[in-house]
Structure formats: structure tokens, C-alpha cells
Amino acid sequence: MAYQDLREFMDLLKKKEHLVYIKRELENGFEISALTWELAERLGPAVVFKARGYDMPLVMNVHGTLERNCMALDIEPGKNDKENFLKIRNRIAEALENKNKWLKPVMINNAPCQEVVMVGDEVNLYKLPVFKWSPLDGGPYITMTNIITKDMSNSNNGLNTGMYRVMIHDQKTTGVMCCKTQDIGIHVGLARSKGLKKIPLAIALGVDPVINIVSTTKMASFADDEFELAGGLRGEPVEMVKCKTIDLVVPAYAEIVLEGELDIDPKNARIEGPFAEWMGYYEEPMMLPQFNVTAITTRKDPFYQGCILGHPNNEGEMIRMPAIQANNYNILKRTVVGFREFWAPHKSRGYKVVVQISKRFPGWGKQAALAALSTGQGMAAANYAVVVDDDIDIFDQEAVDWAIATRMDPAKDVIIIPEMGVYPLNPAASGREDINPETGYTEFSYIGKMAIDATKKIASENRRSTGASVLPDEDALAKVKTNWESYGLK
Ligand SMILES: Cc1cc2nc3c(=O)[nH]c(=O)nc-3n(C[C@H](O)[C@H](O)[C@H](O)COP(=O)(O)O)c2cc1C
């Protein structure tokens with residue numbers, strides 16, 4: 001079953017006691033941020049509230065638990081986070097591979113997202129309840145975005161929608177984070193190769209939850225249409241409408257749409273930030289392109305959907321972590337010999353990745369670790385990869401630590417890869433460029449990578465074989481379990 005829009009999903013969350021309407025008005029961005037921090041701490045419900053000075057209600061923490069992200073994808077939630085993670089990851093991984101089940105969007109006229117149209121002097125981003133959320137932020141940030149661009153060099157390629165942060169500079173201008181490692185960065189590069197200085201860009205806010213999830217998903221190819229994937233995941237096509245002032249289409253049932261042009265002339269790049277980021281650190285200021293807003297279109301009574309990052313359980317991590325790993329899983333399933341499972345542990349924020357294999361021949365552990373560092377996400381974001389055998393539960397990081405501690409010889413089982421350019425947001429990186437000479441934006445930081453082979457060693461690797469793991473006699477253990485109470489034990 002597809003949710004037509006955010007509201008339909010909010011109704012379901014309310015019915016299932018996953019959404020609370022807060023009656024008192026919140027004072028400012030810091031109070032809102034502290035509230036969402038505490039909600040993340042308690043894995044609490046989605047909340048709807050008003051902020052002082054604004055009529056438009058805010059809705060936050062809609063995607064704040066894996067259970068709710070299961071509901072968003074119409075998946076029966078599992079018993080725990082591991083089950084929920086796997087259900088979501090597998091659903092997206094399968095959908096990415098089954099393009100024959102994708103559904104093309106359908107176009108409609110008279111869309112709810114255009115009930116109110118503001119152009120010219122009516123355009124004022126400060127009408128949105130967007131605040132400076134964290135004490136050191138450089139300005140007010142729009143976070144839960146669906147940023148839509150197209151390939152200006154090839155009209156056969158599909159639309160991209162990506163969740164990228166947006167800082168408000170003034171009434172009509174924002175920055176947009178668009179790095180080369182992301183699909184929007186590819187669109188910028190291709191447009192520049194055609195000599196363009198501006199590209200149409202739309203930001204849809206408050207959409208059906210599947211679209212938010214797709215916007216955080218890494219596609220197998222930037223050329224694929226992310227709204228077709230969303231249609232496949234929903235089981236119904238996404239309804240879209242033409243923008244009022246630019247040549248693009250947007251989800252018809254969005255709450256709010258910002259239309260405009262992204263100025264990709266490097267001369268017009270502008271500094272923004274710092275910003276309290278998902279990995280728990282402030283990111284330094286970045287040089288980014290400016291987005292000139294030509295229209296704000298909304299419903300008659302729009303909700304503003306947002307999220308605030310930083311806490312280990314922040315809503316961004318809950319939505320992003322399974323979605324971003326689906327493509328890695330598909331790639332590693334195809335390329336790693338003996339592949340069993342892959343996980344980027346949630347709390348390591350994607351900088352650590354773990355692969356589980358059934359090793360039968362020498363060297364498979366090292367091959368798997370290098371492969372995990374070579375996927376798009378692995379190259380851009382993972383600082384190290386650990387490979388373990390199939391007797392280790394990779395979703396139990398203490399078990400992974402036991403494998404590292406007992407199966408890894410630091411002199412023989414660790415490959416250090418020299419410093420390379422990666423995604424700019426990497427707190428451990430020793431260097432981060434302020435301005436990339438080619439694009440004019442902040443594009444890369446520089447850091448080495450580490451591949452750890454924590455698999456059991458075998459004689460054919462010219463090693464002393466790792467001893468057999470200790471386990472009681474199987475029959476004796478079964479009997480002890482059956483007869484537990486006969487020992488006078490509870
Ligand atoms: C709340 C939130 C904010 C995000 N902000 C950014 C951002 O500013 N820049 C970025 O490169 N990725 C950001 N991401 C991660 C991207 O959404 C993710 O990598 C996605 O795959 C990008 O889409 P793309 O693969 O089509 O480029 C954010 C994710 C979330 C959940």
C-alpha cells in the first residue's frame with residue numbers, strides 16, 4: 001500500500017501511537033533541537049508542534065526509528081533493530097536490482113503542492129519555520145530535503161532526488177551541499193561540460209515517506225530515475241506536477257516546494273557553515289554553490305518537515321543507514337568470493353564497514369576487505385573495513401572485536417592504503433580542502449584507509465592455522481538446556 005503523502009503516513013503513525021501533537025509552543029531552534037535530541041535518546045515518537053512566531057506547524061522525527069521506516073515501506077516491523085535494519089535494507093536492495101518492477105511517475109495538473117504560489121517579491125524563505133538549530137551553526141538549515149535535478153547533458157537520463165543540506169543565506173538565496181561524490185555533483189559537472197552556468201533545481205519538503213527514503217538511497221547508477229525506484233517501492237507511481245517557474249517536475253503531494261536555479265559558476269560560490277552534522281561533530285565552513293529561489297509553492301496549510309542531526313540515533317541516521325547500505329550489499333554480493341553479509345554499524349556512522357564471508361581459500365579475507373573499500377560508499381566514506389568468518393555475528397560488534405583480537409596479526413593482516421581523496425565530511429581526515437581548484441567548491445578531504453583481515457588463518461596462507469573455536473559437546477549442551485531446572489536452577 002502506498003501513502004499518498006506525508007499526511008497519510010502521519011495519520012497511520014498517530015493511530016499506532018507513534019506520533020504526538022505537542023500543545024505548547026516551542027520557543028526557538030535550540031529548544032526544538034534539544035527536544036529532538038531527547039527524542040533520539042529515548043527512540044521516541046514523531047512530533048508535531050508550532051514554534052514561536054510561525055503559524056506553519058513543524059513535524060519531526062517521522063523517520064526516527066527503524067520500526068517507523070519499516071512502516072514507511074509497508075513492511076511488518078520485526079522484533080528488534082537488527083531485524084528491522086535487514087528488512088529495510090533487503091527491500092531496497094531487491095528493488096534496486098529489479099528495475100522491471102520500477103514504475104514511471106504519472107503527471108497531474110492542479111497539484112496540492114501548488115495550492116499557494118509565491119513568486120517575485122512574495123518569495124521569502126524566512127516565512128518557513130527554519131532556525132539555527134545548534135549553537136555553532138552558521139545559519140538556519142533546511143535538512144530533510146528532496147533536491148531534484150536532471151542531467152542537462154542527456155535528457156534520456158533519469159531525475160535525481162537527493163537529501164542534501166541547505167543553508168538559508170537570505171530571503172531568496174540558499175547554499176546547497178553538492179559534492180562530486182554525490183549524484184547532484186555529477187549533474188553539476190555534466191552541466192558545466194555543456195558550458196552551462198545555471199541549472200534548474202527544485203527542493204520538495206514534506207513528501208510521502210518512501211520518497212524521503214529514496215532521496216537517501218545510493219543508486220547503482222546516477223542515470224537511473226529515482227522517482228521510478230520510488231514508484232517500485234510504493235507499488236504505485238509517484239504523481240508529479242510541472243514546476244511553475246522552471247523546467248522540472250516535483251512530487252505533486254509535497255507540502256512545500258522551492259523552485260529555482262542553482263548557480264554553478266565557480267565565481268559565485270559562497271561560504272556557509274559550520275553545521276552540526278550526522279557524525280556527531282560540527283563540519284567546518286564549506287564553499288558551495290548558491291541556489292536562487294524563483295518560487296515557493298505550498299499547500300494551503302503546509303507542514304514543515306525537518307530533522308536535526310548529531311545524536312547517534314538522529315533521524316537522519318535512522319533513514320540513511322539502511323538505505324545507503326543497500327547498494328553496497330548488492331555490489332559485494334556480486335564481487336566478494338564467499339560473501340555472506342555486510343554491515344556498516346549504525347553508530348560508526350559509515351566510517352567502519354564489516355563483511356562476513358565463508359572463507360575456503362587463502363586470501364579471501366583481504367580481497368573482501370579491499371572490495372568493501374571500493375564500492376561508491378566505501379571509497380567516499382569508509383575509513384576501514386573488517387572481514388570476519390561466518391561464525392561471527394557481524395551485527396554484534398563485541399563478537400567482531402573478539403575476531404579482530406584473536407584472528408588478526410597486525411603485521412600480516414592489515415593493509416594500510418595511502419592517503420586518498422574522500423568525501424569532505426571526515427573528522428579523522430588530516431586534510432580538507434577549502435576550495436577545489438576545478439569546481440570552486442569544497443569537495444574532498446584526505447585520509448588513508450585500513451583493510452583488516454580478521455578471518456581465521458589457514459595453513460595454505462603460510463600461517464599457523466587458527467585453533468578450533470571452543471564449544472561444548474553439542475548433545476551434552478542440548479541435554480543441559482532441556483534439563484536446566486533439574487539442576488535446581490531457574
Ligand atoms: C538528513 C540528511 C541530510 C543529508 N545531507 C547531505 C548533504 O548535505 N550532503 C551530502 O552529500 N549528503 C547528505 N546526506 C546523505 C545523502 O542523502 C545520501 O548520500 C544520498 O545517497 C545522496 O543521494 P545521491 O546518491 O542521489 O547523490 C544526507 C542524508 C540525510 C539523511
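**View 1. Lysine 366 and aspartate 453 meet through their side chains in a salt bridge, at 3.9 Å from N to O.** A salt bridge here is a side-chain nitrogen of Lys or Arg within 4 Å of a carboxyl oxygen of Asp or Glu. The pair links distant parts of the chain, with lysine 366 in helix H9 and aspartate 453 in strand S26, 87 residues apart. Helices (H or I, at least four residues) and strands (E, at least two) are DSSP runs, numbered from the N terminus. Lysine 366 is partly exposed at 26% relative accessible area, while aspartate 453 is buried at 1%. Buried means under 20%, exposed over 50%, and partly exposed in between (1.4 Å probe, protein chains only). Please keep in mind that this is a predicted model: local features need pLDDT of at least 70, side-chain atom pairs count only at pLDDT 80 or more, and totals for chains, interfaces and linings use all residues. Residues are numbered from 1 along each chain as its sequence is written, and side-chain values use heavy atoms, leaving out hydrogens and water.

**View 2. Helix H9 (residues 364-372) has buried residues Trp364, Gly365, Ala368, Ala369, Ala371 and Ala372.** Down the axis of H9 these fall within an arc of 160°, so they line one face of the helix; the arc is that of the directions from the helix axis to the C-beta atoms. Their cover includes helix H8 (315-335), helix H10 (376-381) and strand S26 (445-453).

**View 3. Glutamate 283 and arginine 432 form a salt bridge, with the closest N and O atoms 2.4 Å apart.** Glutamate 283 belongs to strand S17 and arginine 432 to strand S25 (residues 431-432), so this pair ties together parts 149 residues apart in sequence. Both glutamate 283 and arginine 432 are buried.

View 4. Glutamate 317 and arginine 320 are both buried.

**View 5. Tyrosine 54 and phenylalanine 131 form an edge-to-face aromatic pair, 5.5 Å centre to centre with 70° between the planes.** Rings of Phe, Tyr and Trp (its six-membered ring) pair if their centres lie within 6.5 Å; planes under 30 degrees apart count as stacked, over 60 as edge-to-face and the rest as tilted. Phenylalanine 131 is buried, at 13% relative accessibility. Tyr54, Phe131 and Trp133 form one aromatic cluster.

Notes: Contact means heavy atoms within 4.5 Å.
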